[in-house]
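Trainee: I've got this one open on my screen and would like to walk through it with you. Can we start with the overall layout and then go into the details?

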Amino acid sequence: MQTTRKKQRIAILGGGVSAMTSAFYLTSYPGWKDDWEIDVYQMGWRLGGKGASGRNRKHNQRIEEHGLHIFLGFYDNAFKTMQDLYGELARSPGEPLAAWHQAWKPTNHVVFMEQIKGEWKPWPVTFPTRPGVPGDASQPLSGWGYVQTMLELDRRVVAADRPAHRGRRRRHRSHGRRGRLDDPGPPRHLR
Ligand SMILES: Cc1cc2nc3c(=O)[nH]c(=O)nc-3n(C[C@H](O)[C@H](O)[C@H](O)COP(=O)(O)OP(=O)(O)OC[C@H]3O[C@@H](n4cnc5c(N)ncnc54)[C@H](O)[C@@H]3O)c2cc1C
């Protein structure tokens, strides 16, 4: 006698990145359709949550979003997910954003702003480039490696603000006197 297994119903609440990641990995299990029925509940029609963005036709197609979103190079799980997702999408090379690395623009140079006594103070930081490709966690940092990385970042932030360094620093066109232009640009394989 044939028995029919009752499918388990799964509700994913919200359509932000955490919900979509859950949906992506749940539907990556081989044969998931035999066991699960998955529904995503999102208020309104737009997926993406705080990471959603769109164009406003009434205002010259300007981009509207919750805020600029950056993936730091050590977001290995996030990059791995995007790589798996683009792999599954299998876009042909001529299509826009055909591969995951076309959807991100690598940069090492970041300027944080802080308001001190009513005046905006820029903190330019040039982050070091990690070896390898983001998403490849095959060379994780050791505990001591994290400490060294933090100390190096501290050194860069302090160095950016020390008067002795100001004379030697090259000027950045858009960020005034504090910016530096020693951004090495994207790794060669991403250019
Ligand atoms: C201005 C800004 C800049 C940021 N910059 C960065 C960055 O550079 N790098 C980075 O890593 N992170 C950044 N973040 C954080 C990042 O956006 C969030 O951590 C991430 O989007 C959270 O995703 P989430 O899926 O958990 O939640 P959300 O993105 O908030 O998604 C929740 C979803 O659930 C829906 N929802 C809520 N209630 C209900 C309901 N009752 N029924 C159905 N649907 C519901 C919402 O409409 C929404 O779509 C930034 C956040 C902001 C606001």
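Trainee: How many helices and strands does the protein chain have?
Mentor: We count DSSP runs here, helices being H or I of at least four residues and strands E of at least two, numbered from the N terminus. Along the sequence they follow the pattern β-α-α-β-β-β-α-β-β-α-α. The secondary structure comes to 5 helices and 6 strands.

Trainee: Before I zoom in, what kind of model is this, and what pLDDT does the protein chain average?
Mentor: It's a predicted model, where local features need pLDDT of at least 70, side-chain atom pairs count only at pLDDT 80 or more, and totals for chains, interfaces and linings use all residues. Residues are numbered from 1 along each chain as its sequence is written. pLDDT is the predictor's confidence in each residue, from 0 to 100. Here 82% of the residues score at least 70, and the chain averages a pLDDT of 83.

Trainee: What share of the residues of the protein chain count as buried?
Mentor: Buried means 20 or more other C-beta atoms within 10 Å of a residue's own, exposed means 12 or fewer, and partly exposed is in between, with C-beta atoms placed from the backbone. The protein chain has 191 residues. The buried share is 4%.

Trainee: On to the ligand: which helix gives the most to the shell around the ligand?
Mentor: The ligand is surrounded by 17 residues, the closest being Gly14, Gly16, Gly49, Lys50 and Gly67; near means a C-beta atom, placed from the backbone, within 6 Å. With 3 residues, the biggest giver is helix H1 (residues 17-26).

Trainee: How many polar residues does that shell have, by class?
Mentor: Ala, Val, Leu, Ile, Met, Phe, Trp, Tyr, Cys and Pro count as nonpolar, Asp, Glu, Lys and Arg as charged, and the others, Gly among them, as polar. The shell has 6 nonpolar residues and 1 charged. The polar residues number 10.

Trainee: How many bridges join E5 and E6?
Mentor: Two strands pair if DSSP finds at least two bridges between them. Strand E5 (residues 109-116) and strand E6 (residues 119-126) run antiparallel, with methionine 113 opposite proline 122 and valine 110 partnered with valine 125. The bridges joining the two strands number 8.

Trainee: Which residue in the turn between E5 and E6 has a positive phi?
Mentor: Most residues other than glycine have a negative phi. The E5 and E6 hairpin has 2 residues between its strands, and one in the turn has a phi of about 50°. That residue is exposed, with 5 other C-beta atoms within 10 Å, and is lysine 117.

Trainee: Which residues does tryptophan 120 touch, not counting those up to four places away in sequence?
Mentor: Tryptophan 120 is found in strand E6. It is exposed, with 8 other C-beta atoms within 10 Å. Its contacts are Met113 and Gln115.

Trainee: In the hairpin of E3 and E4, which residue takes a positive phi?
Mentor: Strand E3 (residues 53-56) and strand E4 (residues 62-65) pair in the antiparallel sense over 4 bridges, and serine 53 stands opposite glutamate 65. The hairpin has 5 residues between the strands. The one with a phi near 55° is asparagine 60.

Trainee: What about just after H3: which residue takes a positive phi there?
Mentor: Helix H3 (residues 76-89) has 14 residues and reaches 20 Å from its first C-alpha to its last, close to the 20 Å expected at 1.5 Å times one less than its number of residues. The residue we want lies in the loop between H3 and E5. It is exposed, with 7 other C-beta atoms within 10 Å, and has a phi of about 50°: alanine 90.

Trainee: Last one: what distance separates the C-alpha atoms of aspartate 35 and lysine 6?
Mentor: Aspartate 35 sits in helix H2 (residues 32-35). Leaving aside neighbours within four places in sequence, aspartate 35 is in contact with Lys7 and Gln8. Aspartate 35 and lysine 6 are 29 residues apart along the chain, and their C-alpha atoms are separated by 7.6 Å.

How values were computed: Two residues are in contact if their C-beta atoms, placed from the backbone, lie within 7 Å.
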